[in-house]
Amino acid sequence: MVWVWILLPVFLLVFYLLTAPFYLEIDTDADIFRIRFHRLASAALLITGDGIWIDLEVAWWQKRFDLLARKAKPKTTSKPPENKKPVKRKPISFATILAVLKTFKVKRFYLTADTGNPAFNGILYPAVYTVSILSGQNISVNFSGRNQLILEIKNNLARVSRAFIYSSLKTRTWKT
């Protein structure tokens, strides 16, 4: 009976990690470029005049990293190189990559763009309108000089791993 109390929290943690959604969020008006794992963790890219920063938040812990900061090189002692055989890895097939990409769900999408050339905008307008109608997404060309992208993509590890495993099994060739 004790093993139930030990295994149950482990099972619940694994279940949470597999089913909790993770998001990719881009909002150019609010300058948000973020990857978020449910409410547990997020990593946001901040571009300012003095650098490019990554804000990392995991539960209650927060840290900001400067990507352009120079780091001191650690002094290394020279060691003789070891003779290791390179590990040969099987490349991931295109069908597997496509199956994993199909698991991503677009929750919000809004795109409005202006090329700066009114004549070219007029030429693009019917094509972009047709793509907007066919895709069911809000895509438009404007003539006011405004460019905006709002994108939110959702997925979870269970869907990604299921697609990866199933497509890997389908594309695997068995040698006899």
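This note sets out numbered points on the predicted model shown above.

1. Basis of the note. The model is predicted, and local features need pLDDT of at least 70, side-chain atom pairs count only at pLDDT 80 or more, and totals for chains, interfaces and linings use all residues. Residues are numbered from 1 along each chain as its sequence is written, and side-chain values use heavy atoms, with hydrogens and water left out.

2. The nonpolar surface patch. Ile-92, Ile-97, Leu-101, Phe-104, Phe-164, Ile-165, Tyr-166 and Leu-169 together make up a nonpolar patch on the surface, with about 770 Å² of accessible area. Helix 2 (94-101) and helix 4 (157-171) are the elements that give two or more residues to this patch, and helix 4 supplies the largest share, four residues. Patches are made of residues with over 30% relative accessible area and no salt bridge; like charges are joined within 9 Å, and nonpolar side chains (Val, Leu, Ile, Met, Phe, Trp, Tyr) within 5 Å. The areas come from the Shrake-Rupley method with a 1.4 Å probe, and for residues only the protein chains shown count as cover. Helices (H or I, at least four residues) and strands (E, at least two) are DSSP runs, numbered from the N terminus.

3. Phe-104, a member of the patch, sits in the loop between helix 2 and strand 6 (105-113). Phe-104 has 33% relative accessibility and therefore counts as partly exposed; buried means under 20% relative accessible area, exposed over 50%, and partly exposed in between (1.4 Å probe, protein chains only). Thr-103 belongs to the loop between helix 2 and strand 6, but is buried at 8% relative accessibility. A polar atom of the Thr-103 side chain lies 2.5 Å from the backbone oxygen of Val-100. Not counting residues up to four places away in sequence, Thr-103 touches Lys-154, Asn-155, Arg-159, Val-160 and Ala-163, where contact means heavy atoms within 4.5 Å.

4. Salt bridges. Side chains of opposite charge can pair when their charged atoms come close. The structure holds four salt bridges, each being a side-chain nitrogen of Lys or Arg within 4 Å of a carboxyl oxygen of Asp or Glu. One of them joins Glu-25 and Arg-34, with the closest N and O atoms 2.6 Å apart. Glu-25 is buried at 10% relative accessibility, whereas Arg-34 is partly exposed at 27%. Another joins Asp-55 and Arg-64, with the closest N and O atoms 2.7 Å apart. Asp-55 is buried, with a relative accessible area of 19%, and Arg-64 is partly exposed, with 47%.

5. A bridge between two strands. Glu-152 and Arg-108 form a salt bridge through their side chains (3.4 Å, N to O). Because Glu-152 lies in strand 8 and Arg-108 in strand 6, the pair ties together parts that are 44 residues apart in sequence. Glu-152 is buried at 14% relative accessibility, while Arg-108 is partly exposed, with a relative accessible area of 48%. Salt bridges with shared partners also join Glu-25, Arg-34 and Arg-36 into one network. Strand 8 covers residues 148-156. Beyond its neighbours within four places in sequence, Glu-152 is in contact with residues including Tyr-23, Leu-24, Glu-25 and Arg-108.

6. Ile-139. This residue, Ile-139, is in strand 7 (residues 138-141) and is buried, with a relative accessible area of 18%. Ile-139 and Tyr-129 are ten residues apart in sequence and 7.1 Å apart in space, C-alpha to C-alpha. Leaving aside neighbours within four places in sequence, Ile-139 is in contact with Phe-109, Leu-111, Val-128, Val-131 and Ser-132.

7. Aromatic pairs. The structure holds three aromatic pairs. The rings of Phe-11 and Phe-15 have centres 6.4 Å apart and planes at 20°, so this pair is stacked. Rings of Phe, Tyr and Trp (its six-membered ring) pair if their centres lie within 6.5 Å; planes under 30 degrees apart count as stacked, over 60 as edge-to-face and the rest as tilted. Phe-11 and Phe-15 are four residues apart in helix 1 (residues 2-19), and are therefore separated by about one helical turn. Phe-11 is exposed at 55% relative accessibility, and Phe-15 is partly exposed at 48%. Tyr-16 and Phe-37 form an edge-to-face pair, 6.3 Å centre to centre with 80° between the planes. Tyr-16 lies in helix 1 and Phe-37 in strand 2 (residues 32-37), so the pair ties together parts that are 21 residues apart in sequence.

Methods. Polar contact = N/O pair within 3.5 Å; in protein donor to acceptor, adjacent residues only side chain to side chain.
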